[in-house]
Amino acid sequence: MGSPIFILGEDAQRTTGRDAQQSNIAAGKAVAESVRTTLGPRGMDKMLVDASGTVVITNDGATILEEMDIEHPAAQMLVEVAETQEDAVGDGTTTASVLAGQLLVRAEELLSQDVHPTTVAEGYARARDIALDAIDELVIDGDVDDETLQQVARTSMTGKGTGHLSAEALAEYVVRAIRAVEDEEGVNRDDVRVHTQVGASSGATELVEGVVVDAEAMRDEMSRRVDDATVAVLDAKIEPRETSTDVEYNITDVRQLDEAIAAEEAELGAYADALIEAGIDVLVATKDVDDRVAAQLVRAGVVAFEDVSSADARAIATATGSSMLGDVRDIDADDLGFAESVRVESYGDDDLVFVEGGADAKSVTLFVRGGTEHVVDELERALGDALDVATVTITDGGVVPGAGMTEMRVANAVRDAAAGVEGRGQLAVEAFADALEVIPRTLAENMGMDPIDALVDLRAANESGSAGVVSEGETGIIADPVERGIVDPAAVKREAIESATEAATMIVRIDDVIAAE
Ligand code: ADP
Ligand code: MG
């Protein structure tokens, strides 16, 4: 009687109550803190070096957190906020992380005043709903025209390393690309691809009306350009069937060897004939193609590419309207696709294949040039964000003012509504409003302004008009962001508030951490 009962393994670690909360909150805050300085047009970049020495230089919140190799479970939840944000809307990852961190800071203050974690969580949920309504009110009236799309794309790229090309010029490409893949049903975002190629200044970036892939023709004799091309895409290899373990050639004399070789050649010949008889001009294969088949294709004037990545092959299939064939012998007229032209261009040591004017889907490729790998990588990320924001602006409800104006206005709305909330929950709603101001405050800080003065001025300016913390030259000014074309998609702001609230409340509610050995 009275002997203790052990339910956990000897090495399990357990932290409970305020200790658990404090350590989780501290971890979450640390993550948010690590991306804070990258927020906004004057945000700084980070250089991340992994164990193998690979270097990534970026300003992108999601990329930073992904590369950081974070292990603490609560900190990991903030990383997930950034991931969710990236997947859902493609931008606003730093905003979401910084906001989640600030919600934790405020929550900690409430907990230390003995407000119950559930009250904090409920208050935050209430505040989130008010905030989402307030965002709807801030959506800028009018059609989503090219001008708006350009503004939203440009805003998302400001402060990113875009090389010699201005965010302005890139935004134009982004809008052209998105418009090209838009139809009555929406935007086929996946039909816009970004292909990066090192070796020229970023000014050489262009929009290609088609698909660009890394591939080299199998033989030098193959033509470098085919017009009105019939295309087959093969997701298999073309090689003689391998000798399986239960079939064994017992070659005892030369005649038998000749027979074996002849059988193999006949088999390969049949593959080549199937392709040639189908009338193809171009073969794109995801795996190896036997050289003897290539030799026959050369004679028939067919251009063949082997070992093309699956993603690239699928993009060509989609654009040209061909199916991904599993076996050449099943080839059928329905499986073939068409393109106005297929051409091979050399860039330094690399060959690139341009498949333009595909018959089926309107696919476009932003062909991005840059002096170094780091430049093109960061350009690719910036363009990815810009394409995403332009897409959600069209599909998901327009734009709201940027430069911290939306957060400031939403904070005001939440604070006004707090008065109507009973009991201690009111404190949590107010804390949520305060937390939102971290965005304009951080933007100001990163622009080298005094954050307290900036917030005071911003609050005052929003009483009579519209104002945000707008970057100008080396510093920032309190000015109307909309007049300057600084706008963000409403969907990005909504998602940031939702995912930040979710992560913060989840962390606050935990009061017991049991870690197995
Ligand atoms: P995120 O990962 O959250 O998208 P960014 O570093 O891209 O982080 O910064 C986005 C924030 O910067 C948005 O709030 C946006 O409105 C703001 N912003 C963009 N351009 C400007 C500008 N010229 N002046 C002030 N704020 C800007
Ligand atoms: Mg951004």
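A polar side-chain atom of threonine 94 lies 2.8 Å from an oxygen atom of ligand 1, in a structure that is a predicted model. Taken alone, ligand 1 exposes 580 Å², and the protein buries 95% of that area.

**Polar contacts**
- Aspartate 488 places an N or O atom of its side chain 2.6 Å from an oxygen atom of ligand 1.
- Serine 471 takes part through its backbone, where a polar atom is 3.1 Å from a nitrogen atom of ligand 1.

**Residues of the shell**
- There are 23 residues around ligand 1, and those that come nearest are Asp91, Thr94, Thr95, Ala403 and Asp488.
- By residue class, the shell around ligand 1 divides into eleven polar, eight nonpolar and four charged residues.

**Elements and domains that build the shell**
- Helix H4, which spans 93-112, and strand S17, which spans 468-472, each supply at least two residues of the shell around ligand 1.
- Two domains contribute to the shell around ligand 1, which draws at least three residues from domain 1 (13-140 + 400-515) and at least three from domain 2 (141-209 + 365-394).

Conventions: Residues numbered from 1 in each chain as written. Chains lettered and ligands numbered in written order. Predicted model: local features only at pLDDT ≥ 70, side-chain atom pairs only at ≥ 80, totals over all residues. Heavy atoms only, no water. Near = heavy atom within 4 Å. Polar contact = N/O pair within 3.5 Å; in protein donor to acceptor, adjacent residues only side chain to side chain. Areas by Shrake-Rupley, 256 points an atom, 1.4 Å probe, with all protein chains shown as cover. Helix = DSSP H or I, 4+ residues; strand = E, 2+ residues; numbered from the N terminus. Nonpolar A, V, L, I, M, F, W, Y, C, P; charged D, E, K, R; others polar. Domains from an automatic or database assignment.
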